[in-house]
Amino acid sequence: MDIDVVEEIKRIERLIGPLSNTQKILLATDGSITRILDVMFGEVTIKTLVQEFREASEEIAEKLDIAAGEKINYRIVLIGNKEPLIHAISYIPLARLNNDFKEDLIRADIPIGKILRKHNIESRREVEKIDIEEPTKDLKRIFHTDSLMLTRTYNIIHKDKILIRIKETFPLTYFK
């Protein structure tokens with residue numbers, strides 16, 4: 001279910017003050033963050049921190065509309081150039097992928113948008129949540145800051161089913 005991203009951005013600005021146009025674009029886009037960052041910074045890279053198959057928890061299963069315990073691919077990546085720009089966590093129900101897609105996904109350092117294009121997968125992105133959060137220990141270490149974090153969570157929908165759920169995070173101090 002798509003949210004009203006304009007209203008959500010206004011809500012965040014009432015809480016923490018004005019966001020830059022770039023921050024608003026990164027939070028509101030229903031396209032590829034990687035492509036936007038490529039345009040802004042030159043080609044960015046993906047660094048995979050975690051890539052594993054696991055059983056979906058009750059919470060994740062509900063979000064993906066699958067059974068608890070069903071196998072998912074859990075992946076954490078950093079998108080950036082010399083420094084990390086975006087931290088992203090993805091949850092992908094394996095039963096909804098063909099083998100070629102799975103192989104590309106396991107190769108790790110390929111952006112999901114590029115994998116979708118390579119396999120000619122028609123999809124849409126539905127932004128589910130835009131928010132601000134306190135940084136975790138890991139995010140403080142990765143971004144070298146105690147800054148609040150801006151987040152967006154969205155689903156990539158294919159054939160009316162959630163193919164991929166992604167949460168992207170970056171410090172409030174970035175992209176000013």
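## Before we start

Keep in mind that this is a predicted model. Residue numbers run from 1 along the chain as its sequence is written.

## The largest pocket

Let's begin with the open space. The largest pocket holds about 280 Å³. Its lining is made of 14 residues, and those closest to the centre are Glu59, Lys63, Thr153, Arg165 and Lys167.

What sort of residues are they, by class? The lining of the largest pocket counts 8 charged residues, along with 4 nonpolar and 2 polar ones.

## The cavity

Searching the whole structure turns up 1 cavity of 30 Å³ or more. The volume of this largest cavity is about 180 Å³, and 17 residues line it, with Thr34, Ile79, Ile112, Ile166 and Glu168 closest to the centre. Two or more lining residues come from each of helix 3 (33-41), strand 2 (71-80), strand 3, helix 6 (112-118) and strand 6. By class, the cavity lining splits into 10 nonpolar, 4 polar and 3 charged residues.

Isoleucine 112 is a handy landmark here. You'll find isoleucine 112 in helix 6, and it counts as buried because its relative accessibility is 9%, under the 20% cut-off. Isoleucine 112 sits 23 residues from isoleucine 89 in sequence, and their C-alpha atoms are 11 Å apart in space.

## Salt bridges between elements

How many salt bridges does a search of the whole structure find? It finds 13. One of them joins lysine 24 and glutamate 13, whose closest N and O atoms are 3.5 Å apart. Lysine 24 belongs to helix 2 (residues 21-28) and glutamate 13 to helix 1 (residues 5-16), so this pair ties together parts that are 11 residues apart in sequence. Lysine 24 counts as partly exposed, at 26% relative accessibility.

Another salt bridge brings together the side chains of glutamate 128 and lysine 63, at 4.0 Å from N to O. Here the link is between distant parts of the chain: glutamate 128 is in strand 4 and lysine 63 is in helix 4, 65 residues apart. Glutamate 128 is partly exposed at 25% relative accessible area, and lysine 63 is partly exposed at 35%. There's also a network of salt bridges to look for, linking Glu8, Arg11, Lys129 and Asp131.

## Charges on the inside

Are glutamate 168 and arginine 152 buried or exposed? Both are buried. Their side chains meet in a salt bridge of 2.8 Å, N to O. Since glutamate 168 lies in strand 6 and arginine 152 in strand 5, the pair ties together parts that are 16 residues apart in sequence.

Arginine 125, in strand 4, tells another story. Arginine 125 is buried but has no salt bridge. The nearest side chain of opposite charge is that of glutamate 168, 5.6 Å away, and a salt bridge needs the atoms within 4 Å. What arginine 125 does have is a polar contact of 3.4 Å between its side chain and that of tyrosine 154.

## Two loop residues with positive phi

One last thing to check is the backbone. Most residues other than glycine have a negative phi. Aspartate 65 has a positive phi of about 60° although it isn't a glycine. You can find aspartate 65 in the loop between helix 4 and strand 2. At 62% relative accessibility, aspartate 65 counts as exposed.

Aspartate 160 also has a positive phi, near 60°, and is a residue other than glycine. Look for aspartate 160 in the loop between strand 5 and strand 6. Aspartate 160 is exposed because its relative accessible area is 68%, over the 50% cut-off.

Notes. This is a predicted model: local features need pLDDT of at least 70, side-chain atom pairs count only at pLDDT 80 or more; totals for chains, interfaces and linings use all residues. Side-chain values use heavy atoms; hydrogens and water are left out. On a 1 Å grid over the protein atoms alone, a cavity is a set of points where a 1.4 Å probe fits but cannot get out, and a pocket is an open set with protein on both sides within 12 Å along at least five of seven lines; lining residues have an atom within 4 Å of a point. Grid points are joined across faces, edges and corners, and a volume is the space filled by probe spheres set on the points. Ala, Val, Leu, Ile, Met, Phe, Trp, Tyr, Cys and Pro count as nonpolar, Asp, Glu, Lys and Arg as charged, and the others, Gly among them, as polar. Helices (H or I, at least four residues) and strands (E, at least two) are DSSP runs, numbered from the N terminus. Buried means under 20% relative accessible area, exposed over 50%, partly exposed in between (1.4 Å probe, protein chains only). Lys and Arg count as positive and Asp and Glu as negative; His and the chain ends are not counted. A polar contact is a pair of N or O atoms within 3.5 Å; within protein, one must be able to donate a hydrogen and the other to accept it, and residues adjacent in sequence count only if both atoms are side-chain atoms.
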